[in-house]
Amino acid sequence: MNSIIQLSIVQLFIAYGLVVLVFILLKIRKIPEQKLLILATLRMSLQLVMVGYILIYLFDHQNPWLTLLVIFIMQIFSMYTIFKKFNNKLSKALKRVIVIVFPLATLSVLFYFLFLVIQISPWYDAQYFIPLAGMIVGNSMTGVILGVSIMNDAMLENRELVEEALILGADIKQASKAIIDKSFSQAIVPTLNNMLGMGIIFLPGMMTGQILSGVSPLVAISYQIGIMLGILATVSLSVILILYFGSKTYFNEQSQLKT
């Protein structure tokens, strides 16, 4: 296999010409997102350069504590992003559920994938640990945001139906089952759609990166299949557990919907 073509600074600047194209389109259409476009481009570039140097250091100085520290930071920023997305619309009880369940679900699947599927050695190998953790935690975060958003809206919109079910003798689990099932179903649809189109319609980022670096397409495929199954599992597990335990936070001790 041929080695990957290194991109020079000049070639990267040429790539930024595509951003200029988008900027011109926004300007012509008078869409007021030019500042956001520039901010997003600059922030993406700075963050990736910073992460690149951090990863070089971590790969060259393998240390279990450093690897665990990076995973801890990923978890903190993921939960912060989830909370920020809702602008204080989540109750303290629901936030506590997310803080407890999200790390447990994502780390359980991550450890299962690293130690039983890939069987990395040493166990803290940052070259595998950090990129795979990023994909698993990031996709789970997106799924949780979608699932909690749907559940939160449904609890408000269907308040009368839930209260009616409680009056008729249903318990909390029965009264909220339809909402949880709908929220869970819609939260995992993006992941399932990605799996449906993968390989035929598009090549995923992990697989493309490995192929560009000179890895055999068959090896890249095996890794991509494995990580997609891991992503599916962690999105499903984190979403359903947060929805199940989180739905209980909408009710008081007398099994009544909170105001």
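Me: Which residues have the most contacts inside the largest nonpolar core, and how many residues does that core have?

Reply: The model is a predicted one. Its largest nonpolar core has 52 residues, and those with the most contacts inside it are Ile-82, Ile-98, Phe-102, Leu-132 and Phe-251. Two or more core residues come from each of helix 4 (64–85), helix 5 (92–118), helix 6 (126–157), helix 7 (159–167), helix 8 (172–197) and helix 10 (217–247). Helix 6 supplies the largest share, 14 residues.

Me: What makes Leu-132 a residue with contacts beyond its neighbours in sequence?

Reply: A contact requires heavy atoms within 4.5 Å. With neighbours within four places in sequence set aside, Leu-132 is in contact with Leu-110, Phe-113, Leu-114, Ile-118, Met-206 and Ile-227.

Me: What is the overall makeup of the protein in helices and strands?

Reply: The protein has 10 helices and 0 strands, and its pattern along the sequence reads α-α-α-α-α-α-α-α-α-α. The C-alpha trace spans about 70 × 55 × 35 Å along its principal axes. Of the 259 residues, 34% count as buried. Among contacts between residues at least 6 apart in sequence, 70% join residues at least 24 apart.

Me: Which residues make the nonpolar surface patch?

Reply: The patch, of about 840 Å², is made by Trp-65, Leu-68, Phe-111, Tyr-112, Phe-115, Leu-116, Val-117 and Trp-123. Helix 4 and helix 5 are the elements that give two or more residues to the patch, and helix 5 gives the most, with 5 residues.

Me: Why is Phe-115 called partly exposed?

Reply: Phe-115, found in helix 5, has a relative accessible area of 32%. Buried means under 20% and exposed over 50%. The value of 32% lies in between, so Phe-115 is partly exposed.

Me: Why is the pair of Phe-111 and Phe-129 called edge-to-face?

Reply: The structure holds 6 aromatic pairs. In this pair the ring centres are 6.1 Å apart and the planes stand at 75°. Centres must lie within 6.5 Å for a pair, and planes over 60 degrees apart count as edge-to-face. Phe-111 lies in helix 5 and Phe-129 in helix 6, so the pair ties together parts that are 18 residues apart in sequence.

Me: How do you know whether Phe-111 and Phe-129 are buried or partly exposed?

Reply: Phe-129 has 1% relative accessibility, which is under 20%, so Phe-129 counts as buried. Phe-111, at 31%, lies between 20% and 50% and therefore counts as partly exposed.

Me: What makes Trp-123 and Tyr-124 an edge-to-face pair?

Reply: Their ring centres are 5.4 Å apart, within the 6.5 Å limit, and their planes are at 90°, over 60 degrees, so the pair is edge-to-face. Trp-123 itself has 38% relative accessibility and counts as partly exposed. Ring pairs link Phe-111, Phe-115, Trp-123, Tyr-124 and Phe-129 into a cluster.

Me: Why is Thr-67 called buried, and which residues is Thr-67 in contact with?

Reply: The relative accessible area of Thr-67 is 2%, under the 20% cut-off, so Thr-67 is buried. Thr-67 has its place in helix 4. Apart from neighbours within four places in sequence, Thr-67 is in contact with Tyr-124, Ala-126 and Phe-129. Tyr-124 and Phe-129 also belong to the ring cluster.

Me: What makes Glu-163 and Arg-159 a salt bridge?

Reply: Their side chains meet at 3.3 Å, N to O. The limit is 4 Å, so the pair qualifies as a salt bridge. Both residues lie in helix 7, 4 residues apart, about one turn of the helix. Glu-163, at 29% relative accessibility, counts as partly exposed, as does Arg-159 at 28%.

Me: How do you know that Lys-177 and Asp-181 meet in a salt bridge?

Reply: The N to O distance is 2.6 Å, which is within 4 Å, so the pair meets the condition for a salt bridge. Lys-177 and Asp-181 are 4 residues apart in helix 8, so about one helical turn separates them. Asp-181, with a relative accessible area of 35%, is partly exposed. The structure holds 2 salt bridges.

Methods. Residues are numbered from 1 along each chain as its sequence is written. This is a predicted model: local features need pLDDT of at least 70, side-chain atom pairs count only at pLDDT 80 or more; totals for chains, interfaces and linings use all residues. Side-chain values use heavy atoms; hydrogens and water are left out. A nonpolar core is a set of buried Ala, Val, Leu, Ile, Met, Phe, Trp, Tyr and Cys residues joined through side-chain atoms within 4.5 Å. Buried means under 20% relative accessible area, exposed over 50%, partly exposed in between (1.4 Å probe, protein chains only). Patches are made of residues with over 30% relative accessible area and no salt bridge: like charges are joined within 9 Å, nonpolar side chains (Val, Leu, Ile, Met, Phe, Trp, Tyr) within 5 Å. Accessible areas come from the Shrake-Rupley method with a 1.4 Å probe; for residues, only the protein chains shown count as cover. Rings of Phe, Tyr and Trp (its six-membered ring) pair if their centres lie within 6.5 Å; planes under 30 degrees apart count as stacked, over 60 as edge-to-face and the rest as tilted.
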